[in-house]
Structures are given as C-alpha cells and as structure tokens.
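Below is a briefing on one structure. Read it with the model open.

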Protein chains: 2
Amino acid sequence: MKLARFRFEGRARYGIVEGDLVTEVRGSPFRGKLQRSNRTHRLSEVVLLPVTAPVQVFGGVGANYPDHVAQAEETSGRKLGEMGIQPFPKSNASLTGSGSPIVLTPEAGEVHYEGELVIVIGRKARRVSKERALDYVLGFTCGNDVSEKESWEKDFSHWRSKGIPTWGPVGPWIATDLDSSNLDVTIRMNGQVEHRFNTRDLISDVPTIVSHISQYATLFPGDLIFTGTSGTTRAIKPGDVVEVEISGIGNLRNPVVMERRR
Amino acid sequence: MKLARFRFEGRARYGIVEGDLVTEVRGSPFRGKLQRSNRTHRLSEVVLLPVTAPVQVFGGVGANYPDHVAQAEETSGRKLGEMGIQPFPKSNASLTGSGSPIVLTPEAGEVHYEGELVIVIGRKARRVSKERALDYVLGFTCGNDVSEKESWEKDFSHWRSKGIPTWGPVGPWIATDLDSSNLDVTIRMNGQVEHRFNTRDLISDVPTIVSHISQYATLFPGDLIFTGTSGTTRAIKPGDVVEVEISGIGNLRNPVVMERRR
C-alpha cells in the first residue's frame, strides 16, 4: 500500500495512492485499521506533505555504505570505518514534502544532496530484537538529507549542517509491505542520473538500525530514520531539481531555490 | 505572568498560575491575546506538562559559564573556551514536566543533572538582531538538561547522551515579562543546595543566543533553548530528587527512578 500525507483545503490528511489518484482514509496509520473514505483527489490537486509529523528524526546513522565511508573520512578527518550506528538528530523543522522547494540560505557554504532510504516507525519501539524489529516499522520512503559541508566539519553538532527548514525532504509517500533489503536507489540532478545504488549494500541493515537505536533510546510512531547515502555527493544550487527514486516506493522530487531576503 | 501547560481530564491546556491555583485560558500563548476562562484548578490537582510542544529543542549552546568551561574541556578533551554558541539538538522525546520522574536506563553510564535557564520562543525568528531578539521570546523556564557522560564523549552526536525520554524536564511554567540578565539559579539534590549561580555570568546572553541561532536556522513558536549550566555537575541515581529553582520563575522538581524492564 502507498500512503500519502497531503494537504487539501488547508488540512493534513492521509490517503491511499493508486495511479494518479489519492483516496482519503479514516483513522490513523499508527492506530488500528484504516478505512477508505469516498473522497478521492487527483495527486496533481493536492500538496504532498512530509510523510509524518514525527517526534524525532534521525538524519542518517553514520557512513552506512562502503563507498561513502572514504568520502566521509576525508571530509571529517575522522576514522569512520568502524563508527557503527551513529544517529544524527535532524530538526523536525527541516522536513518538507515532494514537490516543495529546498530553500538554500545565503549563510550556508556548499550544500549537498544525500539520497537515502528512510525508515518510518509504526509502533513505539524500546529494546526490540533484530528479529522483531520489522514489526515496529510501518514502511519506507525516500529522503534527501540535505547537508552543509563546512559546518558539518567544524561544529560540535549538526544543527546548522542538517537542521535548516526544507533541508529534509521525505516522500512522495510511505510504501508498506516492502522488502527493504533489495531496493534500487537512483539519484538524479536535472533529469540526469547522478548515482545508483542498492540497499543490499547497507553496512547496517534496517532491522539492525531499528534494534540498535531502540537499545538506548525510544522510537515513536511516525519517527523517521535516514539510513545513509552511498558514493560521492555533490553540491546543489538554485535552479537545480533533485530526485531520489527508490524502486517500490516512488520518486521524491524537489527544486532548489535561494531564500529571499526580507 | 506565569503560564503553565498542564493536563486535566486527559487534555493539554494552558493556564495562568496565581498562588496554588491555575486558571485556564482561551487562545494560544503564541497567537494573539489570551482570555481567562472561569475554570480554575488547584495546582495539586493537575499534571504539569513540558511548557510547550516545540518544533525543536536546543539542549544547551555549549559551555556558557566560565566555571563550566574547565570541566567540559576535561571531559571532552577539546578546547571549548572559544567554541562560541554551539546548539546541541535535544530530542523532543526527552521533554517532561515538573513533578514527573527522570527515568534512568540500565544501558546508560553516569548520568548528570544540568540545571539551566531555558528560553521559550514566542514568534518565528529568522535573522533577528540582538537588539530585537527579546521581541521573539515569550518567556523563560527552568530546565534540567540530563546528560549521560560516556556517550557524550564517545559519540558523533548527542542522541543517546541527551535524547532519552524524560531526560529533558522543563517547567514548572513559563514566566513572561522577566529580565533574564540577573536571575539566581539554585540546584538542589535531595533538598540540599548543590550549586548556585547567576545568569549575569552567561558568556553568551539571551539576546546573543537567539540572534545567533536565527542567523543560520529558524526558530519557531514554542521552541526551547537551554542556555548552559555552571560549575561541576554530579551524577544522579534512583531515589534522588533534583530541583532547579530560578528566581522569578519557580522550582522544577523531578524525582529520579530506574526504568522497569518489561
């Protein structure tokens, strides 16, 4: 099932996506059974929102694809090969939906896209085993962990490298009933393929990530976990269009603009 | 005015605190004028909640009192004297109200209290000057930035040193119309004074902090900024009661318990 969160007539709603249509549902994806309503909209007539309104977002779990470790080590000057799972809190303020702009700020240095598989938590998870971890996952979406590189290196935390409004596109919707161990991720800039990778190369897979975080912290319904990007990322600039497409989910597409000074 | 957020009959409400009573208000503290209702409760009959439901929490802005810099440098092995304002994202999941327990987890090592003045943002703030910064502040509250020391040193981020549920007590309520430049902060453990300090010794004061963060990121109504602790903090253990009292605000009081394994 593909479950979109969208705004229509000023209100956030969930709906089931089929083709070009979205049918509103009654009830919450996080509590009990969903019921189809008789309200159907064209996707082109609604505004896609971030797929959840989470308690917390983990904007990556550290270098989690072999071919990204080298780049990250060079950037950070730190040995990352055995860093394990290191979730980076990403501000809820960063979230935006597919179709909405990534707004660069004049204060920022080089800002990179990072296309990633994102885990959507479905049930409160505390100290769950790897074997049971997927029971706590509602589904998956595409994410772009937009990151500024200079402050990522310099700062003690990631508030301004990852926490800027619109720097966390997630969408276009949640895909449930999906095997996350063999998904093709394609990143495009202005229609051209930049990079392709497959989630089978994740150093820590989805059950390992969910289980690990839950050994120390608590995951809540709607929480989002970015699982890491692959390869070498590149800077984005106003006028670009970035897409993160994942097989079985869909295509997260965001234009890049510069913030207007007031 | 003292503005409490509390639960009564299952619902979160705001109210004005006078003596032992709290009178519910109509409207939002973040939009327009508040109106007193005719519903008054004894404070002893309500459950105090975290003072806001924020978009984001900054759990400290780095070492921000001269006498805390030395301890922090020793713990981190990093030179912090000139680190400037370094906000640490703290999970929204950590927030709890006055009177509710701080729940230690068996996985954690040494966990310390950190008593701090907390800024409550009232209006969306982007690129505001120091001179205008206080216009964007609704008021202040007391905060306890409960932190685990081992993972603070080891990890790349602060997800498990600062992000555990109940490790972010804020309250008992918001004090508005308060001069934040000369407030006495008293920290007590089990009724005994542990430490006293005054906000006049803040390295970066409230207008400087709000203005600085807003130069890079955006602050939203309800956002919370912990301003840093002073002196040498100590470990807490089950059975302790920690209090953070600030002149002109009130007393944030939380018992410490150990998580029960299910």
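Strand 15 (residues 184–189) of chain B is joined to strand 16 of chain B by 6 bridges, and the two run antiparallel. Strands pair when DSSP finds at least two bridges between them. Helices (H or I, at least four residues) and strands (E, at least two) are DSSP runs, numbered from the N terminus.

This is a predicted model: local features need pLDDT of at least 70, side-chain atom pairs count only at pLDDT 80 or more, and totals for chains, interfaces and linings use all residues. Residues are numbered from 1 along each chain as its sequence is written, while chains are lettered from A and ligands numbered from 1 in the order in which they are written.

- The loop between strand 15 and strand 16 of chain B holds Asn190(B). Asn190(B) is not a glycine, yet its phi is positive, at about 50 degrees.
- Asn190(B) counts as exposed because it has 12 C-beta neighbours inside 10 Å. The cut-offs: a residue is buried if 20 or more other C-beta atoms lie within 10 Å of its own, exposed if 12 or fewer, and partly exposed in between, with C-beta atoms placed from the backbone.

**Chain A overall**

- Chain A has 4 helices and 19 strands.
- Its C-alpha trace spans about 55 × 50 × 30 Å along the principal axes.
- Of the 262 residues in chain A, 52% are buried.
- Among contacts in chain A with a separation of 6 or more, 72% join residues 24 or more positions apart. Two residues are in contact if their C-beta atoms, placed from the backbone, lie within 7 Å.

- Strand 12 of chain A is largely enclosed by the rest of the structure, because 8 of its 8 residues are buried.
- Strand 11 and strand 12 of chain A pair antiparallel over 7 bridges. Here Val120(A) stands opposite Gly139(A) of strand 12.
- Strand 12 and strand 14 of chain A also pair antiparallel, over 3 bridges. Gly143(A) has Val170(A) in strand 14 as its bridge partner.
- Arg127(A) sits in the loop between strand 11 (115–121) and strand 12 (137–144) of chain A. Its phi is positive, near 55 degrees, in a residue other than glycine.
- With 16 C-beta neighbours inside 10 Å, Arg127(A) counts as partly exposed.

**Cis peptide bonds**

- In chain A, the bond from Gly171(A) to Pro172(A) is cis, with omega near 5 degrees. Pro172(A) is in strand 14 (residues 168–175) of chain A.
- In chain B, the bond from Gly171(B) to Pro172(B) is cis, with omega near 5 degrees. Pro172(B) is in strand 14 (residues 168–175) of chain B.

**How the two chains meet**

- In the interface, 27 residues of chain B are in contact with 27 residues of chain A.
- Helix 3 (159–162) and helix 4 (206–216) of chain B each supply at least two residues of the side that touches chain A.
- That side of chain B has 14 nonpolar, 10 polar and 3 charged residues. Ala, Val, Leu, Ile, Met, Phe, Trp, Tyr, Cys and Pro count as nonpolar, Asp, Glu, Lys and Arg as charged, and the others, Gly among them, as polar.
- The copies meet through the same surface, because 100% of the interface residues of chain B are also interface residues in chain A.
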